[in-house]
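This report goes through one protein chain, from its overall make-up to a few single residues. The sequence and the structure come next.

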Amino acid sequence: MSAINREPLTAPHRTRDDAVLALGVAVLAVAIALMGGEGIRPDPLGWTLLLAGHVPLVWRRRRPVVALLGVVACVAPYYALDYNPAVPIPATILALYTVAATGTVRRTLLTGVAVLGPTVISNGLTNPTGALESLEISGWIIAVLFIGIAVRYYRRYVASVVERAERAERTREEEARRRVAEERLRIARDLHDLLAHSITLIGVQTSVAAHVLTADPERLDRKAVAQALDDIAGTCRTARGELRTTLEVLRAHDTVVGARAGSVSGAEDMRGPLPGIDGLAGLAETGRVAGAKVELSVRADGIPPSVGAAAYRIVQEALTNAVRHSGREDLTVRVGLWTAHGALRVSVRDDGSGGGVGPSDGTRGFGLVGMRERARSVGGTLDAGPGPAEGFEVTATLPLSREDEAR
């Protein structure tokens, strides 16, 4: 079956294998000739023609038509001299089969006509009463050619099955790598949002404590300092807990990195509960602790978890940027979420003087890039820029699925 399934024109060691096969067919022909039969027993000239007719079989797969012509060139004089007609049949059949198995149907049909025509004509001239014998000869030739065509189509079918299996395997591996890359990007965004938000709050709260300590050392407001330090400790505890959860998801995900796409998709269940719009009140409170006045308005129900998580992270990053780049102490941030036209609309607008582009040192951060990636992850869009009057504004449109919209 391996020899049948393998493509004959690309098989390894085909010339060596064909030489061994030609030798075996020649030995078979010699054995048939020695056993006797109809016609004259081959003499030295007959043996020469017979053995010479097997030599072209060595190149039957490289030059199938040339090999067939070489066999016919030696076999035709052999038959004309009325030697045993059964002896060259194996070599002729093998040459015909090779032409049919390695070429197109058109070439096979033309070969069949070219072989059958002279054969039937010569047999009719030498043996006018042997119509049945001519029919048998024609039937054998046609059968051999059809067998070659059938084997050729079977090989093409096997090759297509193997190619589809290999393509499916590559697709599964590419899908697995894509899912792994998406998951790692999601975790990187989570870490960025978490650390940027927490570090910004800690920085603001530390500045408050330092201001209280240096404003009037003789009349130190111990309660304000203690409150600032408590806020810093609380922010650290919250950040540590979220960071631990994220790293646990990453470790759990690493155990299935080598799995296939079907297994990798199951890793999404290891993420734990996603943050949603229910946690926006906590974000607003942390913004107030950082010294900003946060006005929160949420008019949305039944939001899908993925859309809610994207909205949460967008608001979190927008609040962090507003507090970091506000440039004023009486900062006001207005956060609004509502549903309209099958989508969740998110708006975060502040009245600060900062541009919201990057850190204070002028380098460009990943905040806006991360927010746009959050929106694109659920098929939405995000715009960010200076507000209509002052400050900075972030707006996002996050589409809801039909099922969620109907609900």
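Helices (H or I, at least four residues) and strands (E, at least two) are DSSP runs, numbered from the N terminus. By that numbering, His341 sits in the loop between strand 2 and strand 3. The model is a predicted one.

## Overall make-up

The chain has 407 residues, of which 39% are buried. Its secondary structure consists of 13 helices and five strands.

Taking contacts between residues at least 6 apart in sequence, 70% join residues at least 24 apart.

## Nonpolar cores

The largest nonpolar core holds 38 residues. Within this core, Val315, Leu337, Leu344, Val346 and Leu398 touch the most other members. Two or more residues each are given to this core by helix 7 (131–215), helix 10 (280–289), helix 11 (305–325), strand 2 (332–340), strand 3 (343–350), helix 12 (367–377) and strand 5 (392–399). Helix 11 supplies the largest share, 10 residues.

Which residues does Leu344 contact, leaving aside its neighbours within four places in sequence? They are Ala300, Ile303, Val307, Ala311, Leu337, Trp338, Thr339, Ala396, Thr397, Leu398 and Leu400. Another core, of 19 residues, lies apart from the largest one. Its members include Ala22, Ala91, Val144 and Ile149.

## Cavities

Rolling a probe the size of a water molecule over the atoms shows where empty space is left. A search of the whole structure gives two cavities of 30 Å³ or more. The second largest cavity contains about 40 Å³ of space.

Leu49, Leu50, Gly53, His54, Cys74, Val75, Tyr78 and Pro88 line the second largest cavity. Helix 3 (44–52) and helix 4 (64–80) are the elements that give two or more residues to this lining. Helix 4 gives the most, with three residues. Sorted by class, the lining has six nonpolar residues, two polar residues and no charged residues.

## A buried arginine

Arg374 is located in helix 12. Is Arg374 buried or exposed? Its relative accessible area is 7%, and the limit for a buried residue is under 20%, so Arg374 counts as buried.

Not counting residues up to four places away in sequence, Arg374 touches Arg186, Arg189, Asp190, Asp193, Ala310, Arg313 and Ile314.

## Two loop residues with positive phi

Asp82 is not a glycine, yet has a positive phi of about 65°. Asp82 is in the loop between helix 4 and helix 5 (89–102). With a relative accessible area of 48%, Asp82 is classed as partly exposed, because exposed means over 50% and buried means under 20%.

His341 is likewise not a glycine and has a positive phi, of about 55°. Where is His341 placed? The loop that holds His341 runs between strand 2 and strand 3. The relative accessible area of His341 is 78%, which is over 50%, so His341 is exposed.

Methods. Residues are numbered from 1 along each chain as its sequence is written. This is a predicted model: local features need pLDDT of at least 70, side-chain atom pairs count only at pLDDT 80 or more; totals for chains, interfaces and linings use all residues. Side-chain values use heavy atoms; hydrogens and water are left out. A nonpolar core is a set of buried Ala, Val, Leu, Ile, Met, Phe, Trp, Tyr and Cys residues joined through side-chain atoms within 4.5 Å. Buried means under 20% relative accessible area, exposed over 50%, partly exposed in between (1.4 Å probe, protein chains only). Contact means heavy atoms within 4.5 Å. On a 1 Å grid over the protein atoms alone, a cavity is a set of points where a 1.4 Å probe fits but cannot get out, and a pocket is an open set with protein on both sides within 12 Å along at least five of seven lines; lining residues have an atom within 4 Å of a point. Grid points are joined across faces, edges and corners, and a volume is the space filled by probe spheres set on the points. Ala, Val, Leu, Ile, Met, Phe, Trp, Tyr, Cys and Pro count as nonpolar, Asp, Glu, Lys and Arg as charged, and the others, Gly among them, as polar.
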